[in-house]
Amino acid sequence: MKLSKGYKKFLLLWSGELVSAIGGGLSSFGLSVYVFQQTGSAASTALVTLLAFLPALVLGVPAGVLADRFDRRLMMMLGDGCSAIGLIYILICMMHGEAALWQICVGVTISSMFSALLDPAYKATVTDLLTKEEYTKASGLIALAGSSRYLIAPALAGVLLAVSDIRLLLIIDISTFFFTVTVTGIVRKGLQSNQTAEPHSFFADVKDGWNVIRKQSGAISLIVMTFFMTFALGSVQILSEPMILSFASSTTLGIAETVCATGMLVSSLIVGIFGIKKHFVRTLCLSLFMAGACMILFGMKESILMICVFGFLFFAMLPFANGSFDYLLRTNIPPALQGRAWGLIGLFTQIGYVAAYGISGLLADGAADVLKLSVGRGAAIVIIASGILMMVATTALYFMKNVRKLENT
């Protein structure tokens, strides 16, 4: 099959983001290990993770406005390139001895702030480059790049840490920014800039982004549904470790995590190659319903075999859901408003992760105390409850007429 010129440019751009995701995964894994070894505190490790996540989430909305006002490819280059500043700061601290926790927190916060420029501009650029028929294939490849952060990077980081230390991981990650900025610059050539000569006020632009979402009541329903999906995913990420460690070793945990993450890799390849041709609402609801069922079975029994099988299937459902969600929203947002709309959509949907990170651990401890169970089984109960909630929400979504209207655009 002959690829269009726009899709070829997308593949080049995607290759840069794949390399960047692997590099970011190396730094994230290395910093988590480093902080835990230096402090012996899980709370300190969680703090670093939170600071690497929250700034990009909070700044996603203004970044979306900027992506509609100025050259989106230039925004990506600035976001990718300048996010290295925070890592360089951490590396310099380590070169002069051990980096203190506050120095690492400052570094990851700086990096996350600049990374906020990237996501809305990247998603809007995908719309600029591709036809509607190519959207779901691109979504599959984007999910593949995202999964590499959790599948390829941890294993590679473990090997590198066996022969060196975290400074090597940081240097590799910093080096990847040169590649990503270069390929983005190549893609930028020949594309018309979306820069506006007379931009409105910031709040007016945000309001325009909100209005284009609000006018599609089905889009609001989809965003609410995605909150449940990210909450469920965040719960599995946070609670699977104590659940498995309550009856198995850390080595077994690592193997189980790799097997489960492979599910996303496999289905991302399938979506990336074949795409999703039709029945987007049905595909979205069925994949999320199945994901909820897999969560229930994932936490049902202290069995590594069951955990690996249903964890694999759970992650395998997500690219199909993401691809359908992406298509339904992308085709209902005018190209000129894509940046600010995706900034808002990212904020609303990613709050599910924040909620999961904040309360799932407390819920697991509470369930264990009330039911007189181990913390691991308390974590399993929360995962099962989250799966039931997702199945109920997905069933309701399937019968919403306003969501089906999005497919008929």
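## A partly exposed pair

In this predicted model, R167 has a relative accessible area of 31%, and it therefore counts as partly exposed, a class that lies between the limits of 20% and 50%. D165, with a relative accessible area of 28%, is partly exposed as well. The side chains of R167 and D165 meet in a salt bridge, with a distance of 2.8 Å from N to O.

## A buried pair in a helix

The structure holds 2 salt bridges in total, and one of them joins the side chains of D326 and R330, where the distance from N to O is 2.9 Å. Both D326 and R330 belong to helix α14, which covers residues 304-330, and they are 4 residues apart, a spacing of about one turn of the helix.

Are these residues buried or exposed? D326 has a relative accessibility of 10% and so counts as buried, while R330, at 2% relative accessibility, is also counted as buried.

## Confidence in the model

Across the protein chain the mean pLDDT is 81, and 92% of the residues reach a value of 70 or more. Within the chain, confidence is lowest in helix α2, residues 42-58, where the mean is 73, whereas helix α13, residues 280-298, has the highest confidence, at 94. A careful reader should keep in mind that, where pLDDT is low, predicted coordinates should not be read in detail.

Methods. Residues are numbered from 1 along each chain as its sequence is written. This is a predicted model: local features need pLDDT of at least 70, side-chain atom pairs count only at pLDDT 80 or more; totals for chains, interfaces and linings use all residues. Side-chain values use heavy atoms; hydrogens and water are left out. A salt bridge is a side-chain nitrogen of Lys or Arg within 4 Å of a carboxyl oxygen of Asp or Glu. Buried means under 20% relative accessible area, exposed over 50%, partly exposed in between (1.4 Å probe, protein chains only). Helices (H or I, at least four residues) and strands (E, at least two) are DSSP runs, numbered from the N terminus. pLDDT is the predictor's confidence in each residue, from 0 to 100.
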